[in-house]
Amino acid sequence: MSIKLNHKIIFVTSATLIFSLIISAFVILQSFRNHYTNALLTGAFGVGYSIESILNEMLVLGLPLDSLSGMNDKLKETVTKNPHIAYAGVTDLSGTAIFHNDETLLGRQFTDEAALKASKTLKALWQFYNRFDGKQYYDISIPLFDTQKKHIGAVRLGFETIHVNNQIDKALAQLVAISIVCFIVIALLLNLLLRQFITLPVKKLSDFAQAITHNKFSPEPDISSTDEIGELSYSLTTMRDTIHKQLNELRNFNEVMEKKVIERTDELGKANIKLKKRNQDLNDVLDRERKLSEALRVSEDNFRQLFQRNKAVMLIINPHHGNIIAANSAAEEYYGYSVEQFQKINISDINTMSAEEIACEMQNAKEHKRNNFLFKHKLSTGEVKDVEVHSGLIEWKGEEALYSIIHDITARKTAEEELVRMAHFDTLTGLPNRVLLSDRLQQSMTQVLRHDKKLAVVFLDLDGFKKINDTHGHDVGDKFLYKLTQSMLYVMREVDTLSRLGGDEFVAVLSNLTDEEDCILFIDRLLYVIAKPIEVEQHQLQVTASIGVTFYPQPLSEDSIGAEQLLRQSDQAMYSAKQSGKNRYHIFDTDLDRTVRGHHETIDEIKLAIQNNDFILYYQPKVNIRYGNIIGLEALIRWQHPERGLLTPFHFLPIIENNNVSIQLGEWVMANAVAQIVEWKQKGINISVSVNINALHLQHPGFVERLQTLLSNNPELKPGDLELEILETSALENIEKVSKIILQCEQLGVGFALDDFGTGYSSLTYLKRLPVNLLKIDQSFVRDMLDDTDDMAILEGVIGLAEAFRHDVIAEGVETKLQGEMLIQLGCELAQGYEIAKPMPAKEVENWIKTWKPHSTWLNTTPVSHEKHEILLAIVEHRAWISHLKRYLENKTHLLPSVDTHQCRFGEWLNSEKIENIINGKDEIKEINSLHELIHREASLLIIAKQNNDSDNIEIGIRNIESKQDSLIVHLNKLVNSEFN
């Protein structure tokens, strides 16, 4: 059914009107919304300016912003009086809240987009703000200036959008309702006008036109208007007359055309004969093109065969987007991809360069700027190879393409790197040689000056190495040196450098030292490691070392110190150590060790310091970390030097070690320690104090009598309040005499502890005969217990000996929470070290006792059975392997760690029969096995990445392995805390 014209006109007109009204309404409504929003927020700006005025008055008075304590209350009052205000505050240029009605947000730094715009703008504005509480606000920002017109912050007010939007929506609803009523009235009036003046006249014209189409020339329509419809009526009448006339002319034209068609047919027949001849000529041309195409096909086949059979690695690449179009058999074998895989990857999947760099090099090849390139290509296994690529343009299947011939130059690059390594590293040990040492030492000197740290240059010469060479030959000597080097590297930190100068001379550079005492701890450990027997070809070989040490910077030096001068100083100090009896260290000190005369002058200075009471005692707590009990304090001496400040013992005790001045100093220490114990007792603090006594002092005639006199003069002391500590080595020098003295002191109520136990190699017989109450495990064993299996074994043995001989045992040098946990599991509950407390003056002890609390994990850790010590040792084995891997990846050692899961020591334990006795359930061991294999697999990839100098992936990979290591140790600890099957 057809639609009448008037309906169409009304529909089109109405639709146009509606569309126009919708567009206009949208624009008007949007403008209305913005103007209305501005109008609603105008009053809010007034509130903001009033706050700004208060702040400006404060600034004019010269008051700092944060001194107006009542400003927060003012902001709260503003929010209360204006319910539509959600928050009010003042921020500085960094977005930090100085004042705020919500005081919990004071000091908070807002870094969202609205806050940043508010802090930077120089004029008042409003903006949308999605606050941290998830709500959206209209945020008003008014800049704040100081008296110098300097922009210092902003006043910020917030209005909930729902409050403003509700008012706008209400006004909009009224506007829309009025618009709809107006539209209906307009539409009705428009319908009447259109019907009267358009649709009825058009209907008459339509009927007239229909009559013309049927050859009925009826009278013209009765339309008298002079508008467009009247003109249309006149035109239709004229058209009717014209059509009648043209019909007559058309009949005459048809007769003429029939004659011309006959004539044209004759002409086409003649043209057809000519066309057949031209077709024959075209067929001849096509035949020649087919033969040429066949020749090209044969040529392409020959090229493809040459391409596929060529032994050189070849790729065909699309020069526009880098897709690999084709690869020959050599490329498949080299890269490890099939033809189908090649056609799905891009050259960027193989080339390790960035996409921009690859595009640039392809452009160079297309423009013939370069045809030879050096790249790193990645194989399907992830291994990266150095390659030389020759590229050029060819036509491939009718399109432009780049061919690339690839030559592997990894071996050549490796050889070049080996030459560089030989120039800077010792060929036997892989350590830096003198050239590289000098460079690293110079860099370290610059770094410690910049960061206000210290470094130590440690020169060591092996005692007895010549005898090994003479007895067993240089081959055994070289193997011994290599193994000894690995032992020394194991105790080095990541920031340190160990170098071999040649023969049996080594130099270590220790960087980033806080004080010189840190170096002494390292040297003690180094002497111990060097002195351990090493097995080479079934020979147990052993040497010691003479070590010289010098420090940098040297503040009292008149001339600037260079790297070579530091090496000479440490070398000179090493010879002093050799002359003193070997297997020891000597410190080169520009103040205390210039000459022998200077040495005597220093002893006199120490005597004077004793008379002037320039020495003071620091105290380091000893605690039971399992139960949180404080069991005592160790008194440690310090020298308050008038010029050099507070000096630690290693600055002066070695100088007086075998001098009677040490006895005077020891008497001073005992007297002051006893006086401090009495003073604490008067304050209600009952705590024992231990004092270090050297061998000369202990064995000096009258020691017991002087101790008895000291105790008699202080009757407040009870048995156990004073304890004496002696070194294991000094006790073993004259065990009969020392044992007798110890027994006499115990009758006076003074107990004894054996200090640095484990460093003197005491036999079980000596330990049995020595009547001491406490064994102190040397801190050199505790420091590396978590990743050194030898230290772990020594700890386990010492704790077992103490238990067997019914001695208490305490561990020194506990510096981490994990060390404490491991000690408790091994059965050692007593400890001291920096993780508990550093040495402190006596005045700080009382407050420390009140506030100290042990780690909660220590309180929840319990000793484990001896059988489960195997698991603890396995944890240390795994940590040691991880440490070895990290040192290799960071170029700290050239010894490659084993990546075979069955060859590492943890893997050997994991696959041993004895594990069945301690594993509780198969699920846990499956998870441990899975993590262990995953760690080794990732380690293999990291080793490949190191060989390809991929430092970014190495850093990421190390973090991933450390994360998996933590998970593995969690599972192992579950086994430690589980019950046996």
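**Close-up views of a predicted model**

**View 1. The loop that holds Pro-553 in the predicted model.** Pro-553 lies in the loop that runs between strand S16 (544-552) and helix H14 (563-579). The peptide bond leading from Tyr-552 into Pro-553 is cis, and its omega is near 5 degrees.

**View 2. Packing of helix H24 and helix H27.** Helix H24, which spans residues 817-826, packs with helix H27, residues 869-889, at an angle of about 150 degrees, and their axes are 10 Å apart. Because angles over 145 degrees count as roughly antiparallel, H24 is described as roughly antiparallel to H27. The crossing of H24 and H27 is left-handed. On the H24 side the contact involves Leu-818, Met-822, Gln-825 and Leu-826, and these meet His-869, Leu-872, Val-876 and Arg-879 of H27. By residue class, the contact of H24 with H27 comprises 5 nonpolar residues, 2 polar residues and 1 charged residue.

**View 3. The aromatic pair of Trp-639 and Phe-652.** The model has a count of 14 aromatic pairs. In the pair formed by Trp-639 and Phe-652, the arrangement is edge-to-face, with 5.8 Å centre to centre and 85 degrees between the planes. Trp-639 belongs to strand S19 (residues 629-641), whereas Phe-652 sits in the loop between strand S20 (645-647) and helix H16 (661-682), so that the pair links distant parts of the chain, 13 residues apart. Trp-639 counts as buried because its relative accessibility is 3%, and Phe-652 is likewise buried, with a relative accessible area of 0%.

**View 4. An aromatic cluster.** Tyr-334, Tyr-335, Tyr-337 and Phe-342 together form one aromatic cluster.

**View 5. Positive phi at Asp-452 and at Gln-538.** Asp-452 is not a glycine, yet has a positive phi of about 55 degrees, and its place is in the loop between helix H10 (434-450) and strand S11 (454-463). With a relative accessibility of 71%, Asp-452 counts as exposed. Gln-538, also not a glycine, has a positive phi of about 70 degrees and is found in the loop between strand S14 (534-536) and strand S15 (539-541). Gln-538 counts as exposed as well, at 73% relative accessibility.

View 6. Of the contacts in the chain with a separation of 6 or more, 64% are accounted for by residues 24 or more positions apart.

Terms used. Residues are numbered from 1 along each chain as its sequence is written. This is a predicted model: local features need pLDDT of at least 70, side-chain atom pairs count only at pLDDT 80 or more; totals for chains, interfaces and linings use all residues. Side-chain values use heavy atoms; hydrogens and water are left out. Axes are lines fitted to C-alpha atoms, for helices over the stretch in contact, and angles run from 0 to 180 degrees between N-to-C directions. Helices (H or I, at least four residues) and strands (E, at least two) are DSSP runs, numbered from the N terminus. Angles under 35 degrees count as roughly parallel, over 145 as roughly antiparallel, 65 to 115 as roughly perpendicular and the rest as oblique. A crossing is left-handed if the near helix is turned anticlockwise from the far one by less than a right angle, and right-handed if clockwise. Contact means heavy atoms within 4.5 Å. Ala, Val, Leu, Ile, Met, Phe, Trp, Tyr, Cys and Pro count as nonpolar, Asp, Glu, Lys and Arg as charged, and the others, Gly among them, as polar. Rings of Phe, Tyr and Trp (its six-membered ring) pair if their centres lie within 6.5 Å; planes under 30 degrees apart count as stacked, over 60 as edge-to-face and the rest as tilted. Buried means under 20% relative accessible area, exposed over 50%, partly exposed in between (1.4 Å probe, protein chains only).
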